[in-house]
Amino acid sequence: MERTFLAIKPDGVQRALVGEIIRRLETKGFTLVGLKLVNVSRELAEQHYGVHKERPFFPSLVDFITSGPVVAMVWEGDGVIASARKIIGATNPLNAEPGTIRGDFGINVGRNLIHGSDAPETATYEIGLWFKDEELVSWQPTITPWLHE
Ligand code: DAT
Ligand code: MG
């Protein structure tokens, strides 16, 4: 079953959007298999955002993601990687459609509330970076027959 890594950034936690964000993924029908509150180290932040190392915004991005608690999550379901990216919305909240998390709650690219893996390879990398195997819980929701034909 496909899995993705999502993280509610410090702005989402400070703005009390944790429940709202989790609700959107839960009610869509995806399954939560990993969840923890993390004070992100600079080392973890730099590994997580390694692909952006040369970008001008990299230092402020690392400062931001290490500035307060982050809710790290792994979600499971058919097509969850691409679907979660749609639920999250465009990188710049001003371009994100209403109805998406960033479109509904954000106004600035440096405060865009949530991270989501963008492809199967990055999902695998990010899940392994943030979670130990034993922190992930495989379970079968009883609503499964009501979500899948
Ligand atoms: P996404 O988070 O939608 O996958 P990304 O991987 O391109 O976007 O960038 C990672 C984060 O870096 C993004 O969530 C916010 C920040 N960022 C991206 N582009 C930026 C820019 N032009 N100015 C400031 N921050 C930016
Ligand atoms: Mg990205």
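**Figure 1. Residues 1-138 of the predicted model.** Over residues 1-138 the chain is 41% helix and 17% strand. The model is predicted. In UniProt, an unreviewed entry places the feature "domain: Nucleoside diphosphate kinase-like" at residues 1-138.

Figure 2. Strand 3 covers residues 70-76. Seven of its seven residues are buried, so strand 3 is largely enclosed by the rest of the structure. Its side chains point two ways: Val 70, Ala 72, Val 74 and Glu 76 go one way, and Val 71, Met 73 and Trp 75 go the other way. The residues on both faces are buried. Strand 1 (residues 3-8) pairs with strand 3 in the antiparallel sense, over six bridges. Strand 2 also pairs with strand 3 in the antiparallel sense, over seven bridges. Which residue of strand 3 is the bridge partner of Arg 3? The partner of Arg 3 is Glu 76. Glu 76 is also the bridge partner of Thr 31.

**Figure 3. Thr 31 in strand 2.** Thr 31 belongs to strand 2, which spans residues 31-38. Is Thr 31 buried or exposed? Its relative accessibility is 11%, under the 20% limit, so Thr 31 counts as buried. Leaving out residues up to four places away in sequence, Thr 31 touches Val 74, Trp 75, Glu 76, Trp 139 and Pro 141. Of these, Glu 76 is its bridge partner in strand 3.

**Figure 4. Strand 1 and its pairing with strand 4.** Five of the six residues of strand 1 are buried, so strand 1 is largely enclosed by the rest of the structure. Besides its six bridges to strand 3, strand 1 pairs with strand 4 in the antiparallel sense over three bridges. In this pairing Ile 8 has Ile 114 as its bridge partner.

**Figure 5. His 115, annotated in UniProt as an active site.** The feature "active site" is placed at His 115 by UniProt, in an unreviewed entry. His 115 lies in strand 4 (residues 114-116). With a relative accessibility of 11%, His 115 counts as buried. Which residues does His 115 touch, not counting those up to four places away in sequence? They are Phe 5, Leu 6, Ala 7, Lys 9, His 48, Tyr 49, Ile 88, Arg 102 and Glu 126. With His 48 there is also a polar contact of 3.5 Å between the two side chains.

**Figure 6. Ligand 1 and the residues around it.** Ligand 1 is surrounded by Lys 9, Tyr 49, His 52, Phe 57, Leu 61, Arg 85, Thr 91, Arg 102, Val 109 and Asn 112. Among these, Lys 9, Tyr 49 and Arg 102 are also touched by His 115. Oxygen atoms of ligand 1 approach several polar side chains. An N or O atom in the side chain of Thr 91 is 2.5 Å from an oxygen atom of the ligand. For Asn 112, the distance from a side-chain N or O atom to a ligand oxygen atom is 2.8 Å. For His 52, a polar side-chain atom lies 2.9 Å from a ligand oxygen atom. Taken alone, ligand 1 exposes 520 Å², and the protein buries 75% of that.

Figure 7. Helix 5 spans residues 80-88, and its buried residues are Val 80, Ile 81, Ser 83, Ala 84, Ile 87 and Ile 88. In an α-helix there are 3.6 residues a turn, so residues three or four places apart point the same way. The cover over the buried residues of helix 5 includes strand 1, helix 2 (18-28), strand 3, helix 6 (101-105), strand 4 and helix 7 (120-130). Just after the helix, Gly 89 takes a positive phi of about 95°.

**Figure 8. Leu 44 in helix 3.** Leu 44 is found in helix 3, which covers residues 42-48. It is buried, with a relative accessible area of 14%. Which residues are in contact with Leu 44, leaving aside neighbours within four places in sequence? The contacts are with Leu 129 and Trp 130. Leu 44 and Leu 129 are 85 residues apart in sequence, while their C-alpha atoms are 7.7 Å apart in space.

Terms used
Residues are numbered from 1 along each chain as its sequence is written. Chains are lettered from A and ligands numbered from 1 in the order in which they are written. This is a predicted model: local features need pLDDT of at least 70, side-chain atom pairs count only at pLDDT 80 or more; totals for chains, interfaces and linings use all residues. Side-chain values use heavy atoms; hydrogens and water are left out. Helices (H or I, at least four residues) and strands (E, at least two) are DSSP runs, numbered from the N terminus. Buried means under 20% relative accessible area, exposed over 50%, partly exposed in between (1.4 Å probe, protein chains only). Contact means heavy atoms within 4.5 Å. Two strands pair if DSSP finds at least two bridges between them. UniProt positions are given in the numbering used here, feature names are shortened, and annotations may be inferred rather than shown by experiment. A polar contact is a pair of N or O atoms within 3.5 Å; within protein, one must be able to donate a hydrogen and the other to accept it, and residues adjacent in sequence count only if both atoms are side-chain atoms. A residue is near a molecule or strand if one of its heavy atoms lies within 4 Å of it. Accessible areas come from the Shrake-Rupley method with a 1.4 Å probe; for residues, only the protein chains shown count as cover.
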